[in-house]
Amino acid sequence: MSSDAPSFLDTVLITGASSGLGAEFARQLAPVVNHLILVARREDRLQSLSEELFASHPHLAINVVAVDLATTDGRENLFQYLSGREITPTLLINNAGLGDYGTFADSDWAKTQAMIDVNMTALTQLCHQYIPGMKSQGAGAIINVSSLASTLPIPDFAVYAATKAYVSSFSEALRLELAEDSIPVLALCPGPVSTEFGQVAAREEKKFQISGYNLLYVDKEQVVTEAINGLLQNQPRVYPGWKVALLAGAITALPLFAIRAYMSNRPRKSQ
Ligand SMILES: NC(=O)c1ccc[n+]([C@@H]2O[C@H](COP(=O)([O-])OP(=O)(O)OC[C@H]3O[C@@H](n4cnc5c(N)ncnc54)[C@H](OP(=O)(O)O)[C@@H]3O)[C@@H](O)[C@H]2O)c1
């Protein structure tokens, strides 16, 4: 890490580091930080990422922590693993998340519960666990991965969009609370990105294909680069890609009745 880099670029905890945006965060941050903590359920994926990163950045300390963040035990195991080693993250990237594409009435409750637990409970509890340490060590920053979906209610994606509305709202409030401690908080709100997200969100009998999504794809490298730059510039929110940013601006300027009218007439591909 160069001497003029912000002090939060030291010990970085990334949830959901076994694929997609989380692995990309690890790859882009590896050259500029000292320590990475890679968290997800698939330990083999985390181990091979760790080996790849260590081979090209031998200065790095890397911890792999395989836990299920949807469970209380999984989250406690993570906290105990880190406290036992006296590790406090200086940058927390709450990236783990999942969607479920299809009507709410037909949803599998176990998947819905896991989505709520990972997207909201784990994200909130990790902030609660590590903000005190960030304050006392005088170095901290948080990226919470939300979504363009946070900006409007989406039929067939109802719970997912609602969880991301929570993430954006929580992050904005937390940012104001932590301003006096100089702990920046960024809500990253990507549109569609090609990762394993679509596969996980799809239900067996239906495809994951939201109307208009194809026009908005941004690659994961660009999403992560814009997020890191946004954090370094202390931005509250980043919508990566100009089309996504333009759309987000338009949606947030619309009155709720116009959003309702649009969403009720929009073609629904899950039916
Ligand atoms: N891709 C998109 O179009 C898109 C758009 C907007 C926002 N996002 C958001 O971006 C974030 C990253 O998603 P992605 O696109 O990179 O999808 P992804 O490739 O499916 O990655 C999701 C990550 O979350 C982890 N995860 C899921 N459930 C978990 C659990 N119970 N415990 C621990 N880790 C868990 C997965 O690891 P394991 O399976 O190994 O546990 C994986 O590493 C999510 O918050 C998502 O909502 C994605």
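**Close-up 1. Helices α1 and α2.** The crossing of α1 and α2 is right-handed, a term that applies when the near helix is turned clockwise from the far one by less than a right angle, anticlockwise being left-handed. This is a predicted model, with residues numbered from 1 along each chain as its sequence is written. Local features need pLDDT of at least 70 and side-chain atom pairs count only at pLDDT 80 or more, while totals for chains, interfaces and linings use all residues; side-chain values use heavy atoms, with hydrogens and water left out. Helix α2 covers residues 43-56, and its axis lies 10 Å from that of α1, at an angle of about 15°. That makes α1 roughly parallel to α2 (angles under 35 degrees count as roughly parallel, over 145 as roughly antiparallel, 65 to 115 as roughly perpendicular and the rest as oblique). Axes here are lines fitted to C-alpha atoms, for helices over the stretch in contact, and angles run from 0 to 180 degrees between N-to-C directions. Helices are DSSP runs (H or I, at least four residues), numbered from the N terminus. Look for Ala23, Ala26 and Arg27 of α1, which meet Leu49, Glu52 and Leu53 of α2; contact means heavy atoms within 4.5 Å.

**Close-up 2. Helices α1 and α7.** Here α1 (residues 20-29) comes within 9 Å of α7 (residues 220-232), axis to axis, and the two cross at roughly 60°. That makes α1 oblique to α7. The crossing of this pair, α1 and α7, is right-handed. On the α1 side you will find Gly20, Leu21, Glu24, Phe25, Gln28 and Leu29, which meet Lys220, Glu221, Val223, Val224, Thr225, Ala227 and Ile228 of α7. By type, the residues of this contact are 7 nonpolar, 3 polar and 3 charged (Ala, Val, Leu, Ile, Met, Phe, Trp, Tyr, Cys and Pro count as nonpolar, Asp, Glu, Lys and Arg as charged, and the others, Gly among them, as polar).

**Close-up 3. Helices α3 and α4.** The axes of α3 (residues 72-84) and α4 (residues 109-137) come within 11 Å and cross at roughly 25°. That makes α3 roughly parallel to α4. From α3, the contact uses Arg75, Glu76, Leu78, Phe79 and Leu82, and from α4 it uses Asp117, Thr121, Ala122, Gln125, Leu126, Gln129 and Tyr130.

**Close-up 4. Around the ligand.** The ligand is surrounded by 29 residues, and the closest are Ser19, Arg41, Asp68, Tyr160 and Thr195 (a residue is near a molecule if one of its heavy atoms lies within 4 Å of it). A polar backbone atom of Leu69 sits 2.9 Å from a ligand nitrogen atom. For the ligand's oxygen atoms, look to Asn95, with a backbone N or O atom 2.8 Å from one, and to Lys164, with a polar side-chain atom 2.9 Å from one.

How values were computed
Polar contact = N/O pair within 3.5 Å; in protein donor to acceptor, adjacent residues only side chain to side chain.
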